[in-house]
Every structure is written in C-alpha cells, then in structure tokens.
Amino acid sequence: MGTQSQPVVVTDLESVNVVSPSQPDSDVHHAAMAVAGGPTSSAATRARPSRPSSSTEVPRRHEAVSSKEFRLFKRHKSWLVPGFVVANIVMFVVTIYVNNCPRNYGSGYCVGGFLGRFSFQPMKENPLLGPSSLTLEKMGALQVDKVVKRHQAWRLISCIWLHAGVFHVLANMLSLIFIGIRLEQEFGFLRIGFLYIIAGFGGSLLSALFIQQGISVGASGALFGLLGAMLSELIVNWTIYENKLIALLTLIFIIVINLAVGILPHVDNFAHIGGFLSGFLLGFVFLIRPQFGWVNQKNAPPGYIATRVKPKHKTYQYVLWVLSLILLTVGYTIGLIMLLRGVNLNDKCSWCHYLSCIPTSKWSCKAQEVYCESSQIGNQLNLTCVSTGKSNMYTLAYENPYQLQQLCSQLCS
C-alpha cells in the first residue's frame with residue numbers, strides 16, 4: 001500500500017492601488033465635465049455632464065435647470081461581494097472543522113492546539129496555517145485526475161471557494177473587498193457576480209490543463225478576472241474617461257506586478273493568467289457603458305434640441321463585444337474538451353511551465369511529492385520512503401490515512 005502527500009498549489013493575489021485622474025475628456029458634449037461618483041475600480045474617474053448649451057433660445061420656463069448634482073449612471077448597493085467574502089470565510093472554517101487535526105494527527109503535532117479541532121496542521125506541512133491536502137481534496141480542491149477519470153468537473157468551480165490557510169484566505173478576501181465592492185457599486189451584482197464565477201472557472205480550466213499533479217485551491221483566478229475586467233472596461237469605455245492614458249498605464253503596472261508574483265514556487269500562476277484572460281474578455285461583454293453624447297441627450301432638460309442624435313454605443317464597442325463573446329465560447333469549449341480527454345498542454349508547449357515558476361538557486365519548481373511503501377503485520381506498520389530509501393517501524397492502533405500521510409512526510413523529510 002502506498003500513500004502520497006500531495007502539495008497544495010496556492011493561488012494568491014497582492015493588494016492593488018488605484019489612482020483617480022482628474023483632467024476632463026475632450027469628448028464631453030459642449031462643456032468640461034466635473035468629477036462625480038468617485039473612482040471606479042478601473043483606476044479612473046467618471047465625470048458628470050454640465051447643463052447642455054444651445055444657440056437656440058430656450059423658453060423661459062425651461063431656462064432654470066436644477067443645480068442638484070446627478071450621476072451619469074446608477075450607483076448600486078454592494079451586497080454580493082461581501083456575501084462572497086463571508087462564504088469564503090465560512091468555507092475555510094468548515095474545512096478546518098472537517099480537518100480535525102488533533103484527532104487525525106494527535107494534538108502534539110497541531111498548531112494552535114488550544115483551538116481544539118479548529119487547530120491547524122504542523123507548520124512543516126502547511127506554513128499558511130491551514131488544513132491538510134487530503135482535507136482540501138475531500139472538500140473539493142482541483143485535482144486533475146479526479147476531473148478527468150472520475151468526471152468531477154464541479155471541482156473547477158468548488159476549488160475557488162477553498163483556501164490553503166489563514167494567510168491565504170485573508171490576502172484574497174482583502175483584495176476581493178478592495179476590488180469587488182467598487183465594481184459592484186458601479187455595475188451591479190448580476191454582472192459582477194457572473195464575471196467573478198466565470199473568470200474563476202476560466203482560471204481553474206487553464207490551471208488544470210498545465211498543472212497535472214497535486215491540488216489547487218484559491219479565489220485568485222476570479223480576482224484576476226476582476227483585474228482583467230477593469231482593464232477591458234477602461235478600453236471599451238475609452239471616450240468617457242479622464243486622464244485615460246495615465247489610468248491605463250497604472251492599471252497595466254498593477255497587473256504586471258501581481259502576475260510577476262506568480263513565478264514563485266507553489267503559486268498557481270496559470271490560474272491567475274486564465275482568470276485574467278477570461279475577465280479581460282468578459283469585461284468587453286458585461287461592462288460596456290453608453291457614450292457621453294447619448295447620456296447628455298437622455299438627461300437634457302425639456303425643450304433642448306439636439307443638433308445630432310448620437311447612438312447609445314460606438315461601433316468599436318459592438319465589435320469588441322462580438323469578438324470577445326466568440327473567443328470566450330470557443331476557448332472554453334476547446335479547453336474543456338482537451339481537459340476531459342486528459343491533454344497536458346506542457347507536452348505541446350515546452351516553455352510554458354516557466355509562466356508559473358522560474359527555478360533559481362534559492363528554490364526548485366519541481367513538485368515535492370512524497371511516496372512511501374508500506375507493509376503491515378497486526379498493528380505494526382513498516383514504512384519505506386521511495387525517494388530516500390529510509391525505513392521505519394510504527395505502532396498503530398488503527399489505520400488512518402491522515403496519520404499515514406504525516407508519518408510518510410516525516411520519514412522523507
């Protein structure tokens with residue numbers, strides 16, 4: 001009988017900062033725009049239109065236009081993103097409860113033993129203060145063998161609600177609050193909710209096509225989807241932004257820095273890349289805004305005569321919408337077919353593994369998988385580490401897979 005200690009591939013995301021440019025856009029109808037509504041999550045501010053002017057005399061009863069400030073677009077209440085944060089935290093607590101470190105490993109091995117069954121795995125096994133890889137696998141972590149051979153495709157979604165440890169879940173949830181709440185306020189729960197889930201699925205899909213060993217958990221694919229959507233939203237709504245070039249360069253810098261973190265070992269950068277690409281395309285589909293000219297005409301006072309009726313959206317917006325929808329549909333379809341057929345994209349791209357980890361003298365990118373051979377007579381268990389050849393005899397009251405994994409890890413270390 002052999003046991004395997006599978007490494008947890010962690011997805012993570014650093015916090016981001018945004019700027020709020022303030023120069024008016026030249027496309028504003030007849031007047032400079034004053035900032036209204038605060039910055040969106042795409043690192044730029046929107047402006048509000050001033051009272052439209054016309055050389056045609058307006059009747060006196062229409063001259064007085066309310067000076068009360070109004071928003072160009074409806075501002076939504078954010079409740080879904082906070083709900084996602086609560087759901088992730090609850091899932092982590094449930095995972096720790098199921099893990100039950102004292103029962104499966106003995107209280108002497110667990111971190112935070114005073115927490116009882118909510119204590120964490122030994123730091124040597126999980127330095128992020130979390131459960132074992134076996135527990136994460138049981139709770140729905142992404143494992144390619146189970147997706148392909150046991151047809152458990154639901155793991156592509158379930159894994160984005162799981163986290164490897166306290167530090168992991170805190171980093172991701174702080175990022176989700178920072179990015180997601182502002183986006184939900186601007187675009188509403190429906191669009192941001194679909195974007196988050198679909199982008200997370202895209203991150204899991206690309207990860208499964210490249211990382212065939214171990215397990216992967218984390219919401220970072222979905223979070224990078226929100227970052228990608230911020231970038232495409234800035235592009236597709238280009239004409240309604242101020243200081244657009246500075247905002248674009250700032251956002252690109254933030255994205256590059258976060259992706260660069262993914263080259264560290266045990267970070268699933270393919271989930272980051274897949275989530276970002278999915279979110280970038282989804283932003284063209286879900287986050288299109290009407291152009292300023294159309295909004296000005298819609299909010300013009302009674303009696304205002306428009307010299308030229310403007311369409312709600314520009315032609316390039318429609319083109320990007322169609323192309324993105326086609327690319328998403330084709331990409332997801334092909335990716336799912338390849339995954340369910342057991343295709344490993346590393347066989348078709350010899351250098352792509354460097355996108356997730358670059359080996360240096362300080363660390364190795366090879367998965368540190370542990371294998372042990374075992375034989376048992378009564379309650380006497382003999383374990384032999386395959387990689388080192390070390391062997392030892394243990395006395396067990398009963399066979400426990402969690403305890404076997406711990407013993408194997410200790411023997412091979």
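Which residue does a disulfide join to C101? The partner is C110, with an S to S distance of 2.0 Å. This is a predicted model, so let us walk through its disulfides and then its nonpolar cores.

**Disulfides**

The structure holds two disulfides. Besides the link between C101 and C110, there is one that joins C349 to C352. Here they are side by side:

| Disulfide | S to S | Torsion about S-S | Handedness |
|---|---|---|---|
| C101 to C110 | 2.0 Å | about -100° | left-handed |
| C349 to C352 | 1.8 Å | 80° | right-handed |

The torsion of about -100° is why the disulfide of C101 and C110 is called left-handed. As for burial, C101 has a relative accessible area of 0% and C110 one of 11%. Buried means under 20%, so both values qualify. C349 and C352 are buried too. Another cysteine to look at is C159, which is buried with a relative accessible area of 3%.

**Nonpolar cores**

In soluble globular proteins, nonpolar side chains tend to be buried together. In this model, the largest nonpolar core has 61 residues. The members that touch the most others are L176, L183, I192, Y196, L226 and L339. Several helices give two or more residues to this core, among them α1 (80–99), α4 (144–149), α6 (166–187) and α7 (189–210).

Note on methods. Residues numbered from 1 in each chain as written. Predicted model: local features only at pLDDT ≥ 70, side-chain atom pairs only at ≥ 80, totals over all residues. Heavy atoms only, no water. Core = buried A, V, L, I, M, F, W, Y, C linked by side-chain atoms within 4.5 Å. Buried < 20%, exposed > 50% of the residue type's maximum accessible area, 1.4 Å probe, protein only. Helix = DSSP H or I, 4+ residues; strand = E, 2+ residues; numbered from the N terminus. Disulfide = S-S within 2.5 Å.
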